[in-house]
Amino acid sequence: MEIIVTVVNVNDNSPVFEQTNLTRVIPEDTKVNATIVARGELSASDADLDTITYELGPTAPQDADGYFAIKGINNPEISLQKALNYEKFHVARLVLYARDRPVGSNDTTHTATATINIIIEQADTRSPWFLPCVFINTDNSICISSPYTGRVNISEVSKEPLILEPGPIHAIDPDYTLNEKITYRIVGGNTDEVFSIDADTGNLTTNKAPTSPDSYLLQVMATQVNNVQKYSIVSVEIKVINKSNHAPYFESRIYNGMVSAGLAPRSFVFRAGDPSGPLMITAVDEDFSNV
């Protein structure tokens with residue numbers, strides 16, 4: 001008698017990842033759709049020879065949601081879906097599930113997990129920012145600076161750095177972990193080369209005396225030393241004024257006035273002893289004798 005025995009394979013083995021914990025370091029400027037982890041590094045095996053399906057679980061932190069995805073339910077290769085922003089997050093933790101039955105199956109299902117840690121290195125993606133500046137978006141990736149303003153005396157050379165508002169000329173590399181060196185130069189508005197700027201500090205001084213009362217509107221460029229294509233330009237308005245040789249002074253050391261009880265706000269204060277004339281406090285400046 002010939003007896004044929006058929007052995008039915010029972011799903012009694014779980015999928016197995018060759019590596020259950022992987023770490024990848026990628027630059028911030030990695031191209032969208034680039035492969036982050038190859039399929040061969042994430043594929044799981046199953047002793048029951050079942051077809052394995054994959055699913056990418058929630059991403060930590062929440063800000064990293066939507067940035068990474070697998071190629072398909074049977075292809076665990078992980079690719080980048082959106083351009084990275086180092087300031088938004090620079091570490092992400094992904095969990096990959098491998099199942100020996102499709103999601104929703106009523107059959108007994110075994111699952112394995114692998115953890116993928118992605119570390120993002122800041123790239124040189126931004127041009128210098130002049131300070132102070134104001135952020136105009138929620139992820140602090142764009143910072144707008146205001147023009148600088150200052151004054152010089154006509155017909156006078158000053159070797160000391162000019163005092164500017166809202167502060168000295170200063171720019172930084174917003175890719176702060178790189179903090180590339182910045183250099184400065186005047187690229188416009190410097191008629192007759194009246195002004196010069198220190199390439200390292202941004203201090204503005206005069207080369208010669210301005211002879212015209214007209215203002216100067218300088219254009220100052222801040223450039224990364226390691227990459228001349230990373231630069232920013234800011235306006236610096238320098239007003240030319242007459243030198244002040246005298247301090248203003250009050251015409252009288254003491255002024256006396258009088259008011260009546262019960263007056264409404266913003267009523268005139270009158271001269272003491274002369275209720276017909278309002279009290280006037282005046283000062284003079286000998287630099288402006290005709291004023």
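Which side chains meet in a salt bridge at 2.1 Å, N to O? Glu41 and Arg24 do. The views below come from a predicted model, in which local features need pLDDT of at least 70, side-chain atom pairs count only at pLDDT 80 or more, and totals for chains, interfaces and linings use all residues. Residues are numbered from 1 along each chain as its sequence is written, and side-chain values use heavy atoms, with hydrogens and water left out.

**View A. Salt bridge between Glu41 and Arg24.** A salt bridge is a side-chain nitrogen of Lys or Arg within 4 Å of a carboxyl oxygen of Asp or Glu. The structure holds seven. The Glu41–Arg24 pair links distant parts of the chain, 17 residues apart: Glu41 lies in helix α1 (residues 39-42) and Arg24 in strand β2 (residues 21-27). Helices (H or I, at least four residues) and strands (E, at least two) are DSSP runs, numbered from the N terminus. Glu41 counts as partly exposed because its relative accessibility is 28%. On this scale buried means under 20% relative accessible area, exposed over 50%, and partly exposed in between (1.4 Å probe, protein chains only).

**View B. Salt-bridge network of Asp50, Arg101 and Asp107.** Arg101 meets Asp50 with the closest N and O atoms 3.4 Å apart. This pair spans 51 residues, from Asp50 in the loop between β4 (44-45) and β5 to Arg101 in the loop between β8 and β9. Asp107 also forms a salt bridge with Arg101, at 3.8 Å between the closest N and O atoms. Asp50 is partly exposed at 21% relative accessibility. Asp107 is partly exposed at 48%.

**View C. Aromatic pair Tyr67 and Phe89.** Five aromatic pairs are found in the whole structure. The ring centres of Tyr67 and Phe89 are 5.0 Å apart and the planes stand at 75°, so the pair is edge-to-face. Rings of Phe, Tyr and Trp (its six-membered ring) pair if their centres lie within 6.5 Å; planes under 30 degrees apart count as stacked, over 60 as edge-to-face and the rest as tilted. Tyr67 sits in the loop between β5 (53-56) and β6 (68-72), Phe89 in the loop between β7 (75-80) and β8 (91-99), 22 residues apart. Both residues are buried. The charged end of Lys82 sits over the Tyr67 ring, 4.4 Å from its centre. For this, NZ of Lys or CZ of Arg must be within 6 Å of the ring centre and within 35 degrees of the ring normal.

**View D. Aromatic pair Phe195 and Tyr216.** This pair is edge-to-face, with 5.0 Å centre to centre and 80° between the planes. Phe195 belongs to strand β17 (residues 195-197) and Tyr216 to strand β19 (residues 216-224), 21 residues apart. Phe195 is buried at 2% relative accessibility. Tyr216 is buried at 9%.

**View E. Strand β8 and its partners β5 and β9.** Two strands pair if DSSP finds at least two bridges between them. Four bridges join β5 to β8, antiparallel. Here Glu55 has Tyr97 of β8 as its bridge partner. Nine bridges join β8 to β9 (residues 111-121), also antiparallel. Arg99 stands opposite Thr111 in β9.

**View F. The largest nonpolar core.** Such a core is a set of buried Ala, Val, Leu, Ile, Met, Phe, Trp, Tyr and Cys residues joined through side-chain atoms within 4.5 Å. Of its 28 residues, Phe68, Ile78 and Ile118 touch the most other members. β9 gives the most, with five residues.
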